[in-house]
Amino acid sequence: MTIEPDSFSATARILERCDLAAVVKTAKREGSRIVLANGCFDVLHVGHIRYLEAAKTLGDLLVVGVNSDEQTRRLKGDGRPLVSQDQRAQIISALEAVDFVTIFDEPTVEQLLLALKPDVHAKGTDYTEDTVPERNVVRSFGGRVAIVGDPKNHSSSEIIDKVDESLQNREQLATG
């Protein structure tokens with residue numbers, strides 16, 4: 001058996017929504033339990049890893065929706081994202097817990113949920129099952145919402161602020 005080098009590459013696991021929907025449909029027909037997680041993942045940190053690893057334990061196939069550059073900018077503000085959507089998607093797809101990644105451009109993940117109809121929609125601990133904005137959409141097709149990961153005490157924004165502060169301190173020291 002010959003395995004093509006790119007068949008297991010991170011980029012091969014980044015799919016357009018329509019292609020991903022076909023993969024998910026086949027996996028569900030074969031009995032796989034599908035989990036969808038989502039986020040901006042602008043500066044990857046340990047909280048992201050713990051969230052995605054915990055989400056993976058809820059099913060057989062973990063799909064991650066990555067917010068587009070435009071939506072990340074709307075959510076996080078000017079100057080964000082620091083890392084482009086294609087690079088963020090590739091980084092996330094390279095994680096062991098992640099099976100597939102797609103980029104979504106809508107303000108919420110609702111349309112992706114409706115296209116994939118995962119068994120579980122995993123959200124981080126900054127939510128409760130009652131505060132997940134898409135909870136009613138998930139329940140409409142028989143899915144469930146699950147809160148996973150460690151307490152929300154990690155933040156890309158905080159990391160960026162620390163880097164900015166460090167750079168400012170260096171500039172001040174250099175200019176005396």
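Is Leu20 buried or exposed? In this predicted model, Leu20 has a relative accessible area of 0% and is buried, because the cut-off for buried is under 20% relative accessible area.

Leu20 is part of helix α1, which covers residues 17-29. Setting aside residues up to four places away in sequence, Leu20 touches Leu15, Val63, Phe100, Thr102 and Leu116. Arg139 stands 119 residues from Leu20 along the chain, and 21 Å separates the C-alpha atoms of the two.

Ser93 belongs to helix α4, residues 85-93. Ser93 also counts as buried, because its relative accessibility is 0%. Apart from neighbours within four places in sequence, the contacts of Ser93 are Ala10, Thr11, Arg13, Ile14, Val98 and Val101.

| Residue | Helix | Relative accessibility |
|---|---|---|
| Leu20 | α1 (residues 17-29) | 0% |
| Ser93 | α4 (residues 85-93) | 0% |

**The largest pocket**

The largest pocket holds about 630 Å³ of space. Its lining is made up of 34 residues, and Asn38, Gly39, Cys40, Asp126 and Lys152 are the closest to the centre of the pocket. Four elements, β1 (34-39), α2 (46-56), α3 (69-76) and α7 (156-175), each give two or more residues to this lining. The element that gives the most is α2, with 3 residues.

What is the make-up of the lining of the largest pocket in nonpolar, polar and charged residues? The lining has 15 polar residues, 11 nonpolar residues and 8 charged residues.

Conventions:
Residues are numbered from 1 along each chain as its sequence is written. This is a predicted model: local features need pLDDT of at least 70, side-chain atom pairs count only at pLDDT 80 or more; totals for chains, interfaces and linings use all residues. Side-chain values use heavy atoms; hydrogens and water are left out. On a 1 Å grid over the protein atoms alone, a cavity is a set of points where a 1.4 Å probe fits but cannot get out, and a pocket is an open set with protein on both sides within 12 Å along at least five of seven lines; lining residues have an atom within 4 Å of a point. Grid points are joined across faces, edges and corners, and a volume is the space filled by probe spheres set on the points. Ala, Val, Leu, Ile, Met, Phe, Trp, Tyr, Cys and Pro count as nonpolar, Asp, Glu, Lys and Arg as charged, and the others, Gly among them, as polar. Buried means under 20% relative accessible area, exposed over 50%, partly exposed in between (1.4 Å probe, protein chains only). Contact means heavy atoms within 4.5 Å.
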